[in-house]
Amino acid sequence: MIRIVKAAYVSLVYAFLYVPILVLVVFAFNDSRVATNWQGFSLRWFAKLFGNETLLGAAVNSVLVGVLAATLATAIGTLAAVAIYRYRFLGRKVLSTAVYILTIQPDIVMGISLLVLFMAVRMPLGFTTLLLAHVTFCIPFVTITVLGRLKGFDTHIVEAAQDLGASEYEIFLRIILPMILPAVAAGWLLSFTLSLDDVMVSFFVTGPSFEILPLKIYAMVKLGVKPEVNALSAILLVLTFCIVFAAQLMMKERREK
Amino acid sequence: MTETSLFKRLSIGVISLWLVFFAVVPAGLVVIVSFLSRDPAQLVAPVPTFENYTRFFDPVFYQVFLDSLVLALSTALACLAVGYPFAYILARSRRRAKSLMLMLVIIPFWTSSLIRTYALIILLKANGVVNSLLIALGLIDEPLMMLYTDGAVLIGLVYSLLPFMILPLYAQMEKLDVSLLEAASDLYAGKVARFFHVTLPLTTPGIVAGFMLTFLPSFCMFYIPDLLGGAKTMLVGNLIKNQFLTSRDWPFGAAASIILTVLMVVLLAVYRQSSRRLEREPAA
């Protein structure tokens, strides 16, 4: 009896999380203007989407910023994790606390702080400011992911390498990096997702000269429900699902050995 | 030796500089701006004032904070009420099922909450899926007005933030030592006593962490009230957004965001306190 109640409860929560998304995806394939009447399967909204120049431009911009931001954030975030894990230095505690604070800091606070910064140094809002902002909010997620992986790390290997005369740089490249590689890859994928989906920070730090998908979607959704938005959202949802799935597999793979 | 310290210096240096430039300096600038006056032409005039903070005692803004507080609290509590039993069941399920169940929570955690909010609009609008379903079932004759209400905003926030409550709760419950529960039973603790004296205290850090991750964003997710709420629904997030983008009153917006930050710091302190207490007396 209790098992049935438990199973029912769990299913109900999953339904709450997934039914809206599924409905959205299903209606992206609906051959009707009105989102609620099912008129048969159709790909016309996807076709219409790919004929929309400004949306495609925004999509290219989003992917460009996503790839660059994820790559930069992964490089900086990984080095930071290794530094926090390996070295004892003045301000180490402050640094690791700062990284955690950045993850829970409300997005809107980060958005306006960066806006104030960019205005103070007279930087025009656009590609560069957006990229800098995205790198900033991605770094802590990479650092935390990599730090989690480093915690199960056998320090004797590093000591052995040191005894054999390896330099810090060699130790990082030949020993640490290969072992944390799944976490680094996961960090990259998660950063890319974060960058691709972000609304709150981007809202403040990009200008009309550089449009990106989430803000385009926001503007379209404000005007109401449109089948093209469903199609676009469906593509982004499937993309996110695949990326997160891959990232999770990478983080799990080593952990279970 | 020199080469060693070069790599070390580089790895520490890059992140430190980045954080200084893009986190510390901007935060400092916001603090400064919050104590300056507004200037229509240049956004900010270098005239120091406390007015940006005293303005929160103005009933209009005071009300926005109060409404936001109520909504954020309701969101966090609703997430806790739904998420706690869920995380408990999740942490106790069999290994194989567990990783799939966990993955199904993690995926929405990373999915764009804007798109998920849009999905809710499709369900809730007047000729939306829920209304059509209810009419088809003969339960109602007229479509219910669900969208553009405070209820819709609450549902939207809970829908977006629920995974942020479940995951930290789950992480804490996973660590829960089952032998402590068995010991409680051996000492004739009933189910209720066992929950209140063992499970609840041991999972408090998870509750506080989940609370922090749901309560704070509820203040800020300006697009959820924008898209799901009525014209009246205004949260601190919308207030800040408007100060920066519409009414161009940066000092006031900066002051509002400082207040949010102070709130975050208070919650962080509570979290540290609760997890530290747990470390000191592990089986309290």
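Biologist: How many Å separate the centres of domain 1 of chain A and domain 2 of chain A?
Modeller: This is a predicted model, in which local features need pLDDT of at least 70, side-chain atom pairs count only at pLDDT 80 or more, and totals for chains, interfaces and linings use all residues. Residues are numbered from 1 along each chain as its sequence is written, while chains are lettered from A and ligands numbered from 1 in the order in which they are written. The bounds, which come from an automatic or database domain assignment, are 1-42 for domain 1 and 52-255 for domain 2 of chain A. Taken over C-alpha atoms, the separation of the two centres is 31 Å.

Biologist: How many residues of domain 1 of chain A are in contact with domain 2 of chain A, and of which classes are they?
Modeller: Two residues are in contact if their C-beta atoms, placed from the backbone, lie within 7 Å, and by that rule eight residues of domain 1 of chain A meet seven residues of domain 2 of chain A. For the classes, Ala, Val, Leu, Ile, Met, Phe, Trp, Tyr, Cys and Pro count as nonpolar, Asp, Glu, Lys and Arg as charged, and the others, Gly among them, as polar. The domain 1 side of chain A then divides into six nonpolar, one polar and one charged residues.

Biologist: Which helix gives the largest share of the side of chain B that touches chain A?
Modeller: The contact takes 63 residues from chain B and 63 residues from chain A. By class, the chain B side has 47 nonpolar, twelve polar and four charged residues. Helices (H or I, at least four residues) and strands (E, at least two) are DSSP runs, numbered from the N terminus, and the largest share of the chain B side, 19 residues, belongs to helix H1 (residues 2-34) of chain B.

Biologist: Where does B:Arg248 lie, and is B:Arg248 buried or partly exposed?
Modeller: Most residues other than glycine have a negative phi. Phi of B:Arg248, by contrast, is positive, near 55°, and this residue lies in the loop between H11 and H12 of chain B. Because 13 other C-beta atoms lie within 10 Å, B:Arg248 is partly exposed.

Biologist: Where is B:Tyr148, and how many C-beta neighbours does B:Tyr148 have inside 10 Å?
Modeller: B:Tyr148 sits in the loop between helix H6 (129-136) and helix H7 (150-175) of chain B, and its phi is positive, about 60°, although B:Tyr148 is not a glycine. B:Tyr148 counts as partly exposed because its C-beta neighbours inside 10 Å number 19.

Terms used:
Buried ≥ 20, exposed ≤ 12 C-beta atoms within 10 Å, placed from the backbone.
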